[in-house]
Amino acid sequence: MQQESTRRSNRDRTEATRADLIAAARRLFTEKSYAETGTPEIVAAAGVTRGALYHHFADKQALFTAVVEQEAQAVAEEIDHASPPSLSARDALVAGSDAYLAAMRTPGRTRLLLLDGPAVLGRAAMDAIDNRHGNRSLREGLVAAMRARALQKLPVEALTALLAAAFDRAALAIEAGGSSEDYRAVLMALIDGLCPAHPQPSAPARTR
């Protein structure tokens, strides 16, 4: 019993150290950028040793990947929460779109996910992260809407990629001072433009 308690305590400490490193790195990456942040600053901010950092992460880029993955997961969770199965297909697409734009207003997210992420990790690695999180939600919502005949049947991967790019561009523009109402209006017009002229009753869906 004591041995099991010791293992659990060690595991909890290990998880806490990892969480502290990710939190400290996120703060510094968003305040200074990835390039301007050094590992000595990160371990000092986290209150751990360099050895602890390299126990959990191979290098600074691996730590950055963990930060980006966590941010992408948080965005997807907000989208999923905003678009429950009780909504119709189109309403879920709209709710998910609004949730994405709202989630991306969290300070530092556009830099991490849309600027430094692709620059540091490369487009392929960033796409893989997106496809596990936000793009996964969008793809599921589009598929559900097509099945419900609330959306034209189109190649889903291409449609997901192009709509995701539009959402990302809107998030960047809004952060730079663009009108959130204007960009939302255009995104809603894009979604409605994909709807059939006489849509069938909608089924539940989730989206980005």
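This is a predicted model: local features need pLDDT of at least 70, side-chain atom pairs count only at pLDDT 80 or more; totals for chains, interfaces and linings use all residues.
A search of the whole structure finds 4 aromatic pairs. One of the ring pairs joins F29 and Y34, with centres 5.5 Å apart and planes at 40°. That angle falls between 30 and 60 degrees, so the pair is tilted. F29 is buried, with a relative accessible area of 0%. Y34 also counts as buried, at 14% relative accessibility. Ring pairs bring F64 into a cluster with F29 and Y34. Y34 has a charged neighbour too: K60 lies over the face of its ring, 4.1 Å from the ring centre.

Leaving aside residues up to four places away in sequence, F64 touches F29, Y34, L112, D116, G117, V120 and L121. F29 and F64 are also among the residues with the most contacts inside the largest nonpolar core, which has 54 residues. I42, L63, Y100, L113 and L151 complete that list. Helix α4, residues 60-82, gives the most to this core, with 8 residues.

Helix α5 covers residues 89-103. At 1.5 Å a residue, its 15 residues should span 21 Å. The end C-alpha atoms are 21 Å apart, which agrees. Of these 15 residues, 11 are buried, so α5 is largely enclosed by the rest of the structure. The buried residues include A89, L93, G96, Y100 and A103.

Definitions and conventions
Residues are numbered from 1 along each chain as its sequence is written. Side-chain values use heavy atoms; hydrogens and water are left out. Rings of Phe, Tyr and Trp (its six-membered ring) pair if their centres lie within 6.5 Å; planes under 30 degrees apart count as stacked, over 60 as edge-to-face and the rest as tilted. Buried means under 20% relative accessible area, exposed over 50%, partly exposed in between (1.4 Å probe, protein chains only). A charge sits over a ring if NZ of Lys or CZ of Arg is within 6 Å of the ring centre and within 35 degrees of the ring normal. A nonpolar core is a set of buried Ala, Val, Leu, Ile, Met, Phe, Trp, Tyr and Cys residues joined through side-chain atoms within 4.5 Å. Helices (H or I, at least four residues) and strands (E, at least two) are DSSP runs, numbered from the N terminus. Contact means heavy atoms within 4.5 Å. The expected span of a helix is 1.5 Å times one less than its number of residues.
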